[in-house]
Structure formats: structure tokens, C-alpha cells
Amino acid sequence: MRNLILSFAFLSIWVAGCGGGPDIVPVSGKVTIDGQPLTKGVIQVIAEGYRPAMGDIQADGSFTLTTEKPNDGCVRGTHKVAIIGDETLGPASRKWHAPPDYADFVKSGLTLTVDKPTKDARFELSWKGGKPYVEKFNKE
């Protein structure tokens with residue numbers, strides 16, 4: 001019986017240690033635009049070789065990332081970031097609360113380095129003289 005218990009304990013430790021998946025750590029923070037909280041949008045962290053982490057941006061600009069389970073965070077590493085600061089107003093329009101270039105992880109110029117759990121990831125966006133606007137779509 002003792003050997004069975006020891007075998008089970010060893011197997012449990014081995015399975016937990018060899019669990020396979022990446023090292024995901026909790027990440028949260030805040031997004032501002034021209035010094036004010038970005039009040040709507042989504043942040044995407046593009047982890048190379050693994051699924052992206054995402055988080056809704058709250059009214060105070062705060063976010064918490066999710067990769068596999070709600071609010072579990074992001075894999076360690078340095079990753080490209082996209083911040084999609086838009087709001088659908090209906091089938092033919094949307095309001096941009098942040099410039100559309102931030103919505104493209106290639107154009108945004110934003111990165112996030114995750115090396116440990118963090119509650120203070122910060123992204124400062126700018127309109128560079130522009131302002132929020134409504135984009136209208138053609139109805140076809």
C-alpha cells in the first residue's frame with residue numbers, strides 16, 4: 001500500500017511538473033491616451049508561438065489579460081501589442097477612441113515585456129493632435 005501511495009505521489013508531481021503549457025503569469029495595467037484613461041477598447045498581446053492574451057479595457061483605462069483562463073495573464077517574453085480603441089455604434093458606423101494604427105500590432109509600435117507577475121503595465125497612447133471620430137461605412 002505504501003508503495004502505491006508513493007508511486008501515486010511521484011506520478012502526481014511528475015504530471016504537475018511536466019504539464020506542458022507555457023509559463024503564464026498574471027498581468028494587468030492601464031491604458032491612457034493623452035494623459036486620460038482610454039475608456040473603451042480591447043488590448044491584444046501577441047505572444048509569438050502561442051495564443052494571444054486579451055483583455056477588455058474598462059472605463060478607468062484598466063485591463064487584466066487572459067490567455068487560457070479568465071484573468072490568468074500572459075506568457076513570459078517580449079510581445080507586440082495592439083490596442084483596439086473603438087466602439088460599434090451600429091451596422092454602419094463606429095467611434096474611434098484611439099487612433100486606428102494602435103489596433104494593428106505591426107503599426108502600433110507597442111510592446112510588452114512579461115518577466116514576472118505585474119499589476120502596473122502601462123500604455124500611453126496619443127492622438128498627436130487628432131481627436132476621437134466616428135467612421136461611417138458604406139451600405140451596399
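The structure is a predicted model, in which local features need pLDDT of at least 70 and side-chain atom pairs count only at pLDDT 80 or more, while totals for chains, interfaces and linings use all residues. Residues are numbered from 1 along each chain as its sequence is written, and side-chain values use heavy atoms, with hydrogens and water left out.

The chain contains one helix and 13 strands, where helices (H or I, at least four residues) and strands (E, at least two) are DSSP runs numbered from the N terminus. In sequence order the pattern is α-β-β-β-β-β-β-β-β-β-β-β-β-β. Of the 140 residues, 33% count as buried; here buried means under 20% relative accessible area, exposed over 50%, and partly exposed in between, with a 1.4 Å probe and protein chains only. Among the contacts (heavy atoms within 4.5 Å) with a separation of 6 or more, 65% come from residues 24 or more positions apart. The chain exposes about 9,100 Å², and carbon and sulfur atoms supply 55% of this area, as computed by the Shrake-Rupley method with a 1.4 Å probe, where for residues only the protein chains shown count as cover.

Strands E4 (residues 42–46) and E5 pair in the antiparallel sense over four bridges; two strands are taken to pair if DSSP finds at least two bridges between them. Valine 42 has aspartate 56 of E5 as its bridge partner. Six residues lie between the strands of this hairpin, and glycine 49 adopts a positive phi near 85°. In a regular strand the side chains alternate between the two faces of the sheet.

Next come the aromatic rings. Rings of Phe, Tyr and Trp (its six-membered ring) pair if their centres lie within 6.5 Å, with planes under 30 degrees apart counted as stacked, over 60 as edge-to-face and the rest as tilted. This rule gives two aromatic pairs. Phenylalanine 63 and phenylalanine 123 form a tilted pair, with 6.3 Å centre to centre and 45° between the planes. Phenylalanine 63 lies in strand E6 (residues 62–64) and phenylalanine 123 in strand E12 (residues 118–125), so the pair ties together parts that are 60 residues apart in sequence. Phenylalanine 63 is buried at 2% relative accessibility, and phenylalanine 123 is buried at 5%. Tryptophan 127 and tyrosine 133 have ring centres 6.2 Å apart and planes at 70°, so this pair is edge-to-face. Tryptophan 127 is buried at 12% relative accessibility, while tyrosine 133 is partly exposed at 35%.

Which charged side chains are joined? The whole structure holds three salt bridges, each a side-chain nitrogen of Lys or Arg within 4 Å of a carboxyl oxygen of Asp or Glu. Aspartate 23 forms a salt bridge with arginine 76, the closest N and O atoms being 2.3 Å apart. Aspartate 23 sits in the loop between helix H1 (2–17) and strand E1 (24–25), and arginine 76 in the loop between strand E7 (74–75) and strand E8 (77–84), so the pair ties together parts 53 residues apart in sequence. Arginine 94 forms a salt bridge with aspartate 86, with the closest N and O atoms 3.4 Å apart. A salt bridge also joins arginine 94 and glutamate 135, at 2.8 Å from N to O. Glutamate 135 in strand E13 (residues 133–136) and arginine 94 in strand E10 (residues 93–96) are 41 residues apart. Through shared partners, Asp86, Arg94 and Glu135 form one network.
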